[in-house]
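Open the model in your viewer and keep the selection panel at hand. Each stop below names what to select and what is there.

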Amino acid sequence: MTAFDALWPTILDVGRHTSTGGYRRYAWSDADLTLREWFSGCAATRGMDVEEDRNGNLWAWWLPPGWSGDPSGAFVTGSHLDSVPDGGAFDGPLGVVSAFAAVDIVRERGVVPKVPVAVVVFSDEEGARFGVACIGSQLSTGALSAEKACGLRDYDGVTLAEAMTKAGRKPEHLGADPRLAERVGVFVELHVEQGRALDLVDRPVAVASAIWPHGRWQFTFCGEANHAGTTRLVDRHDPMLAFASSVHAARSLAATHDAVATFGKVIVAPNGANAIPSSVHAWLDARAADEATLSSLVDKITAEARQHAAADGIELGVTAESVTPIVEFPAGPRARLQRALAHLGDIPVLPTQAGHDAGILSPVVPTAMLFVRNPTGVSHSPTEFAESTDCNAGAVALADVMVDWVTS
């Protein structure tokens, strides 16, 4: 049995919903805390020291013989363990399991690292509970302030600070990590591909070139609650109409911009079957190949939404919750990955439309990414899938990269 195949099944039951088959691994939930214990157990089995930093990110360290003092210039790999609502098994955990498997493979080869190696799990990458993605990495890089993070609330009104406190952590310690740039020599994140590019070229592994700019915007349509049966159509101020028109406009405008735009999260009040809504809170996810196109797209979607709202006497507020600029992974680490994997033949180099912790870290430390083939392209869904042979190929490729980095 391979190192990957031995470890992968040990995580599959955590946070899995019995009715949907999808995963609900939200930040600081019971499932998240169980996964943290799993991570610590994997590290202990390998004799790696575990550290939870001030922002809830987990680090498992493999230090060279005789190393003294704090780690520096480390080869760091890993990903995240949280999920979107009813997400798939591979998004995030594949990178963490592959990281531990790569450590096993490197050790089996008898390689002794000259620099520290770390497996990392970044906290709350998906943003499913508190609405902002990549919270752990954003806090560590200073892209997200501790004050804003502490005030984020989930569906039940629980703040991030309250959730961390309940989990036994100290939110007053949140903030930028002043040692991040010194400790991390490079961060290489392995991730299941969220698309079908590798399947179309029949290759198991690729290197990332860039991450599209993307963001989340909250649209709040405020109307007037009323009786669904007794209120004349001409007397209604129904925010659902303006919202529905905005959804169609977003789809059409995205097509004209060669981009993507999705209203995927909606909260309706009072949410009664026989009541005209008083408000609709909806979140727009938009992504494009460049920042100018993304800005133009969101501006036009907002303008269309305002027109529809005005026509129905609806008030509209639009707030940018997070906007991430384009990330072009540095040529040096990318080329080094390609050289380390040259024995596999031509390695595809692909951009991705999905955000990742590697993209957040990129302005602060050297970063690179590996993708593992997704034969259907489906992600953020219970049907997300990758073949065992491809997952093993990804773990071996990551081990090859690790050897190249820690022995030179």
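**Stop 1**

Select residues 49-52, strand E1, together with residues 58-62, strand E2. The two strands pair in the antiparallel sense, over four bridges. The model is predicted, so read every contact on this tour as computed from predicted coordinates. Now show Glu51 and look across to E2: Trp59 stands opposite.

**Stop 1: a salt bridge across the chain**

Show the side chains of Arg24 and Asp86. They meet in a salt bridge, 2.8 Å from N to O. Now color by secondary structure to see what this pair links. Arg24 sits in the loop between helix H1 (3-7) and helix H2 (30-45). Asp86 sits in the loop between strand E3 (74-79) and helix H3 (93-108). The two residues are 62 apart, so the pair links distant parts of the chain. Side chains of opposite charge can pair when their charged atoms come close. A search of the whole structure finds 16 salt bridges.

**Stop 2: two backbone details**

Select Cys134. Its phi is positive, about 55°, although the residue is not a glycine. Cys134 belongs to the loop between strand E4 (117-121) and helix H4 (135-141).

Then jump to Ala269 and Pro270. A cis peptide bond joins them, with omega about 0°. Pro270 lies in the loop between strand E9 (260-269) and strand E10 (275-276).

**Stop 3: two domains**

Zoom out and color by domain. The domain assignment gives domain 1 as 3-212 + 327-407, and domain 2 as 214-324. Their C-alpha centres lie 33 Å apart.

Where do they touch? On the domain 1 side, show Gly131, Tyr155 and Trp212. These three lose the most area to domain 2, together 54% of what that side buries.

Conventions. Residues are numbered from 1 along each chain as its sequence is written. This is a predicted model: local features need pLDDT of at least 70, side-chain atom pairs count only at pLDDT 80 or more; totals for chains, interfaces and linings use all residues. Side-chain values use heavy atoms; hydrogens and water are left out. Domain bounds come from an automatic or database domain assignment. Buried area is the accessible area (1.4 Å probe) that two parts lose on being put together, summed over both. Two strands pair if DSSP finds at least two bridges between them. A salt bridge is a side-chain nitrogen of Lys or Arg within 4 Å of a carboxyl oxygen of Asp or Glu.
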